[in-house]
Amino acid sequence: MLLRRFTDFVLRGRLQAIGAAFVLSLVPLFGASMGVLVAAFVTLRRGALEGTLVLCAVIAPYLLSYAISPKAAQPQLMMVATVTIIAINVLTGLLAVILRRYSNWNLVIEASILAGVVLVCIIHLVFPEVQNWWGAELTAYLKKTAAMIGQFAPDEANAQEALQANMIASIKRYITGFVIASVIFNALLQLVIARWWQAIIFNPGGLRKELHQIRLSYISASVFIAVLGLAYIDNPFSLDMMPIMVTAFCAAGLSLIHCLLLSNKAGWFWLILVYLGMIFVFPAGIIFIAMTGLLDSLFNLRKHLRRMNP
């Protein structure tokens, strides 16, 4: 089995793990994800110190690439992209340490919520005009796109410019939160894959049981409700926290849905419909799943539904 051979190679020693992660991180497009999977896996098996050393090997190529790259047309956006990739990898490593120590996905997700909320607060305190900055950066980028389109279809370019202005005014209030939520989502996804890797080699079937028991605490639910209330009155902090809270509670909602549906013979069919709904009825589908996770935190829906269907 190829995965088993690769696992044995990675766990053979520190240099092998660092070398494998470094080489994988050089692969275009998916290199960062593949390299950090090795780092997370080593963390889960060997501990924080070994995992941190491997994680440094994953991050090093991105720091070096950014340092030696020539000035681009959008240097600030390039910096944001580099920082985002590094943040995803670092958060994956930190969450792997928590999962190894406590073996509790609830705690892992709540730690990611805390990290996201802290980041939003820091960004808004340090850069109070962050929404206007996003608006200016997106406007400049889209104007270049519109100029290219205008060379071939001037009327269409004018119509798109008005539409883009309205779109930017709407999304700039949430975009910091979306970026942080994407960091959290990717970190959690990478950690799930690393845990699957560990489970399939050392504990077959263990990951499914873990993921089916995700139910966030009353404290997290209370924070989500508070964020919803403050977002309703256009509080800038809460508007950026919304994507983070929705992402976390969507994970909890999916855990509940998987747990309930997979006990049914036709459960796989309904799961396909759930995921298609999330994709094609975006963002309403994701918000609905997040609300399901919120209700489960408040009322323990698993417990009541199991009583109804013993």
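Here is a short chat about rings, backbone and surface in this predicted model.

Modeller: Residues are numbered from 1 along each chain as its sequence is written, and side-chain values use heavy atoms, without hydrogens and water. Since this is a prediction, local features need pLDDT of at least 70 and side-chain atom pairs count only at pLDDT 80 or more, while totals for chains, interfaces and linings use all residues.

Colleague: How many aromatic pairs does a search of the whole structure find?

Modeller: Rings of Phe, Tyr and Trp (its six-membered ring) pair if their centres lie within 6.5 Å; planes under 30 degrees apart are stacked, over 60 edge-to-face, and the rest tilted. With the whole structure searched, the count is 6.

Colleague: What is the angle between the planes of F41 and W197?

Modeller: These two rings sit 4.0 Å apart, centre to centre. F41 is in helix α3 (residues 31-46) and W197 in helix α9 (residues 175-202), so the pair links parts of the chain 156 residues apart; helices here are DSSP runs (H or I, at least four residues), numbered from the N terminus. F41 counts as buried because its relative accessibility is 0%, and buried means under 20% relative accessible area, exposed over 50%, partly exposed in between (1.4 Å probe, protein chains only).

Colleague: Which residue joins F41 and W197 in a cluster?

Modeller: W197 is buried too, at 6% relative accessible area. Ring pairs link F41 and W197 into a cluster with F6.

Colleague: Is W133 buried or partly exposed?

Modeller: W133 forms an edge-to-face pair with W134, at 4.9 Å centre to centre and 70 degrees between the planes. W134 is buried at 9%. W133 has a relative accessible area of 25%, so it counts as partly exposed.

Colleague: Which residue does a cis peptide bond join to F282?

Modeller: Most peptide bonds are trans. Here omega is about 0 degrees.

Colleague: What is phi of S103?

Modeller: Most residues other than glycine have a negative phi. S103 is in the loop between α5 (75-102) and α6 (105-126), and counts as partly exposed because its relative accessibility is 47%. Its phi is positive, near 50 degrees.

Colleague: Where is D234?

Modeller: D234 also has a positive phi, near 65 degrees. At 46% relative accessibility, D234 is partly exposed. Its place is the loop between α11 (218-232) and α12 (236-261).

Conventions
Helices (H or I, at least four residues) and strands (E, at least two) are DSSP runs, numbered from the N terminus.
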